[in-house]
Amino acid sequence: MTAMTVHPDQQEGSNEKERLTGQEWRARRDDHRRRVDALIGPYLDARRKGVKHPVIDFLFTYYSSRPSHVLRWHPGFGVVLEDADEFLPLRGYERTESGVHVGLDFVRRRRDALRATVDLLGATAARPARLGCFGLHEWAMVYRTDETRHDVPLRLGRAGTDRVVEQMPLRCTHFDAFRFFTGPARPRNENQLSRASQIDHEQPGCLHATMDLYRHCFTLAPLQPAGLTVDCFELALRARDLDMRASPYDLRDLGYEPVPIETPAGRAEYVREQSAIADAGTQLRAEVLRRCTHLAETARHA
């Protein structure tokens, strides 16, 4: 992933709203679609034909997301579009004398969601990254069970997979991963996590906390600009790639070389990649948090 780009349509903080002509915003929309196509164009083509993908599908099925959440361009709150009636059927948009834009009433209606996002991201950002989990959450989800979450074989087999869980400590800090642990795996985790205590455990080294930045963007659409949403989606793709290469599944037929976390070399490789993803996530989290804070304040004072 390249360094995060703050696009012109992502500027804010002034009482003066940015105004885009039809030609300007359509050019940005087209650039956006080309970027998404470069990221997942072949995947989307296969998806339309009913082909399942055990790695990328997660970013849509687990998050109850749709490709349109990534494909659709939004300017973000504070940008006025000329000649843009096609946006009016979409939630949040309204027309004024100056053009079409996301209305303040919609910001007010999303106040609670914005405040909750600010609280969670702020708590996460305030903690140091923990890099010693080695992606064992996926192993804990198949520990001592004949059921798997994906229709692909286990790389070490059933007994070998269970043995890895029994020989290594479970240090998962993300509730939405922990809740899928098997019954025998849950007591092995360092902490017993719950939804109520989620804010007390989230930390920036967690791959799933980084992937969640995509959810924080698309669930707040159209308040967040599309460029930021795709920045977070691109990093989520990268995190998911490592997540599954370090998992117990054998995905070599799909071109994913395993990160064998059952070995010292594999664990070292995992931490190197995890650390780089966490660093990129720190930058994006700060930007998402800054924008959500600004929007929450806007809603409070409206």
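This is a predicted model: local features need pLDDT of at least 70, side-chain atom pairs count only at pLDDT 80 or more; totals for chains, interfaces and linings use all residues.
Let's begin inside. The largest nonpolar core brings together 83 residues, and Y214, I261 and Y270 have the most contacts inside it. Helix α11, which covers residues 226–245, gives the most to this core, with eleven residues.

Now follow helix α11 to R245. With a relative accessible area of 13%, R245 is buried, because the cut-off for buried is under 20%. Its side chain makes a polar contact with the side chain of E273, at 2.5 Å. R245 also touches other residues, including Y256, P258 and E269.

Next come the charged pairs. Side chains of opposite charge can pair when their charged atoms come close. The model has 27 salt bridges. In one of them, D83 meets R26 at 3.2 Å, N to O. D83 sits in the loop between β2 and β3 while R26 belongs to helix α1, so this pair ties together parts that are 57 residues apart in sequence. D83 is exposed, and R26 is partly exposed.

Another salt bridge joins D176 and R195, with the closest N and O atoms 2.6 Å apart. Here helix α8 is tied to the loop between α8 and α9. D176 is buried at 3% relative accessibility, whereas R195 is partly exposed at 44%.

Finally, R291 and E287 form a salt bridge at 2.9 Å. Both lie in helix α12, four residues apart, about one turn of the helix, and both are buried. Salt bridges with shared partners also link R26, R29, D30, D83 and E86 into one network.

Note on methods:
Residues are numbered from 1 along each chain as its sequence is written. Side-chain values use heavy atoms; hydrogens and water are left out. A nonpolar core is a set of buried Ala, Val, Leu, Ile, Met, Phe, Trp, Tyr and Cys residues joined through side-chain atoms within 4.5 Å. Buried means under 20% relative accessible area, exposed over 50%, partly exposed in between (1.4 Å probe, protein chains only). Helices (H or I, at least four residues) and strands (E, at least two) are DSSP runs, numbered from the N terminus. A polar contact is a pair of N or O atoms within 3.5 Å; within protein, one must be able to donate a hydrogen and the other to accept it, and residues adjacent in sequence count only if both atoms are side-chain atoms. Contact means heavy atoms within 4.5 Å. A salt bridge is a side-chain nitrogen of Lys or Arg within 4 Å of a carboxyl oxygen of Asp or Glu. Lists of a residue's contacts leave out its neighbours within four places in sequence.
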